[in-house]
Amino acid sequence: MISTTVLWFILALIVLGVEMVTGTVYLIAVAVACATGGAASWFGLPEFWQLVICALVTIIGAVLARNVRHRRQPEAEELMHLDDGQRLFVETVAADGTATVRYRGAPWVASAETGALTPGFWVIARVDGARLILRPAS
């Protein structure tokens, strides 16, 4: 029969394999927790304490992963707004108040943030999906 220690480490490897397929950072914490449960088993602790240690390491690892993820979010937020403030030229405006503009070598649908779009220079206020929301250039 397989020992409890080996079962813990097999479980840790299985969870780590699932994490590699899914890319979920939280499963790394679970894999480390299972390995810690295996270490507790190797040191001869009863199954109850193995499970308690595994649960505590899972909670601590999930909290750490969450904190790391939230710490990186401002960088991701900056990347989402790279286009804000870029100038572009509107040549013609359609009857519905939108315009097709060339930006980054591709056609984009643009509309005014407030008021009506007119030909001339505009600044990107934000990107709304596949639409550029523009404000007048000052």
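Trainee: Helices here are DSSP runs of H or I with at least four residues, and strands are runs of E with at least two, both numbered from the N terminus. Going by that, where is the place of Arg-104?

Mentor: This is a predicted model, and in it Arg-104 sits in the loop between E2 and E3.

Trainee: What is phi of Arg-104?

Mentor: Near 55°, which is a positive value in a residue other than glycine.

Trainee: Is Arg-104 buried or exposed?

Mentor: Exposed, because its relative accessibility is 61% and the cut-off for exposed is over 50%.

Trainee: Which side chain does Arg-104 meet in a salt bridge?

Mentor: That of Asp-83, at 2.4 Å from N to O. Asp-83 is in the loop between helix H3 (47-80) and E1, while Arg-104 is in the loop between E2 and E3, so the pair ties together parts 21 residues apart in sequence.

Trainee: And Asp-83, buried or exposed?

Mentor: Asp-83 is buried, with a relative accessible area of 9%.

Trainee: How many salt bridges does a search of the whole structure find?

Mentor: Two. Besides the Asp-83 and Arg-104 pair, there is a salt bridge between Arg-126 and Glu-113, whose closest N and O atoms are 3.4 Å apart. Arg-126 belongs to strand E4 and Glu-113 to the loop between E3 and E4, so this pair ties together parts 13 residues apart in sequence.

Trainee: What are the accessibilities for those two?

Mentor: Arg-126 comes out at 38% relative accessibility and Glu-113 has a relative accessible area of 39%. Arg-126 counts as partly exposed, and Glu-113 is partly exposed as well.

Trainee: On to the sheet. What order do the five strands have?

Mentor: E1-E4-E5-E3-E2, in an open sheet with mixed pairing. The edge strands are E1 and E2, each of which pairs on one side only. From one strand to the next, the twist averages 55°.

Trainee: How do E4 and E5 run, and how many bridges join them?

Mentor: They run antiparallel, joined by six bridges. In that region, Asp-128 stands opposite Arg-131 in E5.

Trainee: What about the core? Which residues of the largest nonpolar core touch the most other members?

Mentor: Leu-88, Val-90, Val-101, Leu-117, Leu-132 and Leu-134, out of 13 residues in that core. The elements giving two or more residues to this core are the strands E1 (87-90), E2 (99-103), E3 (106-112), E4 (120-128) and E5 (131-136).

Trainee: Take Leu-88. What does Leu-88 touch, not counting residues up to four places away in sequence?

Mentor: Val-101, Tyr-103, Gly-120, Phe-121, Trp-122, Ile-124, Leu-132 and Leu-134.

Trainee: Which other residues of H2 are buried?

Mentor: Ala-29, Ala-31, Gly-37, Gly-38, Ala-40 and Ser-41.

Trainee: How many residues does helix H2 have, and how far does it reach?

Mentor: H2 covers residues 26-42, has 17 residues, and reaches 25 Å from its first C-alpha to its last. That is close to the 24 Å expected at 1.5 Å a residue.

Notes
Residues numbered from 1 in each chain as written. Predicted model: local features only at pLDDT ≥ 70, side-chain atom pairs only at ≥ 80, totals over all residues. Heavy atoms only, no water. Core = buried A, V, L, I, M, F, W, Y, C linked by side-chain atoms within 4.5 Å. Buried < 20%, exposed > 50% of the residue type's maximum accessible area, 1.4 Å probe, protein only. Contact = heavy atoms within 4.5 Å. Salt bridge = Lys/Arg side-chain N within 4 Å of Asp/Glu carboxyl O. Expected span 1.5 Å × (residues − 1). Pairing = 2+ DSSP bridges. Axes fitted to C-alpha atoms, helices over the stretch in contact; angles between N-to-C directions.
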